[in-house]
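Good morning, colleagues. Please look at the sequence and the structure on the screen while I speak about aromatic rings.

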Amino acid sequence: RGGYNDRRDSGGRGGGGRDGGRGGGRGGGRGPPPLKGKCNALTNVLIAATTPNFKYYVYTCEAKDRNDKTIDSAGRRRQLLSVALQKLFVGKSEKEKASLLRQIFFSGTFFYTAMPLEGLSNLPFLILDGTDTERDTMEVVRCDCFTAPTVLKQQQQAAPAKATTAAPAWGKAAAPAAPVAPAAGAWGKPAAAPAAAPPTEVAECVAAVKSSTAVSIDYRCADCTKVFSDFNAMKMHCTQVGHKPVEEVGEGSSKPASVESFSQYCNTILQQAMGERMARWGRQYIDPKSFTTPKDRQGRELGVNVFKAYNVEFAVGKPALRGPPKLMLTVDLTAKVIRTKSLLNAIYGGRDPNSANLSDKDKAAAKRHFVGQTVISMLDKKCHSIHDIIFEHSAASLQVEGLGLSHAEYFEQRKAHKLTYPNAKPIIAVPGRNKSIIYLPAEVVCADELDDEVKMQLPQIASFAPEVRNNAIEEIKRFLIPGAQKTRGQNGLLPALGIQLSGDRLTLAAEVLEAPVLAAAGVNISAERGNWTTQLARANFRAEPHQVVKLNAIIVYNRTLDYQEVYDKVKQMVNTHNSTYRLPDKPFKAVKAENDQERHWGAVEVAFGKGSKLPENVFVIDMTKPRAATDPSYHVVKKMFATGGILSQFINFRNCNHNNPNMSRKSQIILGGVARQILNKVGVAIWWTSVPRSLPLPAVFVGVDVFHAPRKYDAKTKRKVARPSVAAIVMQVVHASGRCEWYTETFKRDAGQEYHLGDALEGTFKRGMQRLPNSRGKKIASCVMWRDGVGDAAVAATASQEIPAVHKAFGPNVPVAMLVCQKRIATKFFQTNGQKMPQGLLVQGVSHLDYDTFYINGTCPPYATPKPVRYIVARKDAGLGKLSIVDLTWAQCHDYHNWAGAIKVPAVCQLAHKLAEHAGNFDDSGDSIDHNRFANRLYFL
């Protein structure tokens, strides 16, 4: 039962190479054998727990302006709350204020606290009357006290007696029992010391708690952020400063929080705890002084700095598949790539801005390229959209309105930053507050978009090996675990607020799945050998002459290219497979196009527009040579072909000149992929996976994804405008192994709309069954759906919206399985020795609170730690009880015909992602696509 043997990672014929030794793998040798079968997986998850008397308060606020209208700006509400708290804490020392403010967390329309605030006991209460805030007011209207969610409290109550005690504040394995305090409550008064020493054994504590004169307390202070290792230390602190410990909450004064509210609170205080030690850039935390500056092979800097960015997040879930729910902290490491080359340097192309002169052509090119793009301030890391580039002024010549200072003087005096090129033109216009325009020197901003050369090297420069990630986890543990961190002379924030992390990372049982059974036309594929391109070259369909359909090839080519030479290579590769569809010796037509955008799509419009007479079975091969790595006319031309239902294939000569003999090896690989794509687009499956016998046939596999187009800057409104989202549905009707049909549709939606696809699914299913010739009139026996883009909180709602569409289209008795695929997750898995896990790893654990969950490493990149995909089983009907949904998912990861190897998600899910993005880049968001003519055609590969 084969294991993992990816030659990209093992190196050499024997599988040694990077894994060590001279042999290994098939060669025997000294290298470690590939990981197979059952094993243990070390995660990047830490288990956390709340103290028995954990609680938090939520104060709801109303903020209104001078016109009595609600203030929606989160920034302004934060400012008002800051002013209000300063007034509320008048009379307290600066140290007391700092301690109190450390326990208050702003969150939009409300704020969290770890303790009730003095002065806010009688609500509603006007904390700002507008006197000092330009007549803006703020009123606290409600306060709610919450404890840990019921699912976590039930676990504590069901535990042995020691669970009624507080966990040690310093994370020791052997926890002393929780203390009990006299009910008289004389905390902070020397005369009220208890007569006897506090109990130290679990049995004594339990007996004391049961008595009518005792209450349960935590080893932490209720009035500040101090935590303690034992009762005596806590009592000494309370006696000296007049504070009291955290006590149990009386019945009726609090209620268990929902899992969502509790998780939000935990992550809010986690952000505060991380922010005390690191800088926050977006959602990540970084050390601004720690970075690397990558270089190319010649030793030249690439113009970027790479920072280690830490992602940390709390969630409530099940560490083990059938285990009890727990609070879990996931720690991950990503790369934050920041350009060091300023926009001024990019505009001048490395020339000296003080002496070089820009031509009118240079200025026009700069405006065309940069206006509308996002730039990042190199001083405060804020993002701005370029409204205009002003070549008539420099920072020294343009005055700041109302200040009597030039922009160069303003940055030196107000920002403490002296410009290097104050007299260099241009200056950048960006949107400011209230639709105003502000100006920034071009040398203090850098473009957000990376250069093509840098993008190509991202896998090498912006990936982290397992040992780097393991060190990052240890670093975060040092920051957050009790006793390992002290900030500004204070204890760690998390334990002070009742959240305690374990020191050990979660380890789970795992298994390396065997490769699925694959087949091509007359060839058995060994999926264990990684990319199986060379094996596919031998596929032979042996179609009879009377079955052959000649495609009418039309070539669109850049005038500088020799299209015939490349066409002959592609034709030979396509026809070698002897499939039903073949390319002719000579193309039906050749259309010459220029490199420029308008000349490219203009030539296509003339050749394929209204009035043009085209034969049947047209297939267009567009050979383009754009100036950049991506072709700006690609989506325009693709939309023209999609509107007419014409199949097409682009061949890009930018990164590989297929006419150059020195690049013949690279060209051979690329053109081989092009040949397979051509066959796939006309409906020929080069390879396929075996269908499990436990799956009722005919079956429908469904992939669903939604593409959310990036916001685009609108110069008229001076703001970024949301573009429509596009949903894609891919339907694969499986009749038997190697026999299937495809049908796809896209749907234009409001910006950001991810859900409510029930009607779209039902319509797609019904139209697909009518338009696919071999499926018309068939009765579907089962359906499996893989849904991308759904968050944890929306799993139930999405399933309730989309599963009924299956029953409406195929019948109420059709068994359904629905899986939610989550790719953008932080969970990672390692071998127990810290090394990366192989392709095909299966882990069942770190589960959703309400649904079974499993993870699969679909790929194993050579430069980085594998990123698994999380699968949440939202539904699996009894009619599919014998079907292994894990094995089916893993097999379908090998059935994506755009890549001769395993991918992260099942093929229908990846196809839906590809199609949604494809249509989402059209100016009409895919409305003009002729889905009927593309039935059983994967035209978007």
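Which residues form one aromatic cluster? They are Phe54, Tyr56, Phe105, Phe110, Tyr112, Phe146, Phe262 and Tyr265.

A word on the basis: this is a predicted model, in which local features need pLDDT of at least 70 and side-chain atom pairs count only at pLDDT 80 or more, while totals for chains, interfaces and linings use all residues. Residues are numbered from 1 along each chain as its sequence is written, and side-chain values use heavy atoms, with hydrogens and water left out.

The structure contains 22 aromatic pairs. Rings of Phe, Tyr and Trp (its six-membered ring) pair if their centres lie within 6.5 Å; planes under 30 degrees apart are stacked, over 60 edge-to-face, and the rest tilted.

Consider Tyr112 and Tyr265, an edge-to-face pair with 5.1 Å centre to centre and 65° between the planes. Tyr112 belongs to strand E4 (residues 110-113) and Tyr265 to helix H7 (residues 259-275), so this pair ties together parts 153 residues apart in sequence. Helices (H or I, at least four residues) and strands (E, at least two) are DSSP runs, numbered from the N terminus. Tyr112 is buried, at 1% relative accessible area, and Tyr265 is buried at 0%. Buried means under 20% relative accessible area, exposed over 50%, and partly exposed in between (1.4 Å probe, protein chains only).

Phe291 and Phe307 form a tilted pair, 5.2 Å centre to centre with 50° between the planes. Phe291 lies in strand E12 (residues 284-292) and Phe307 in strand E13 (residues 304-320), so the pair links parts 16 residues apart in sequence. Phe291 is partly exposed at 40% relative accessibility, whereas Phe307 is buried at 6%.
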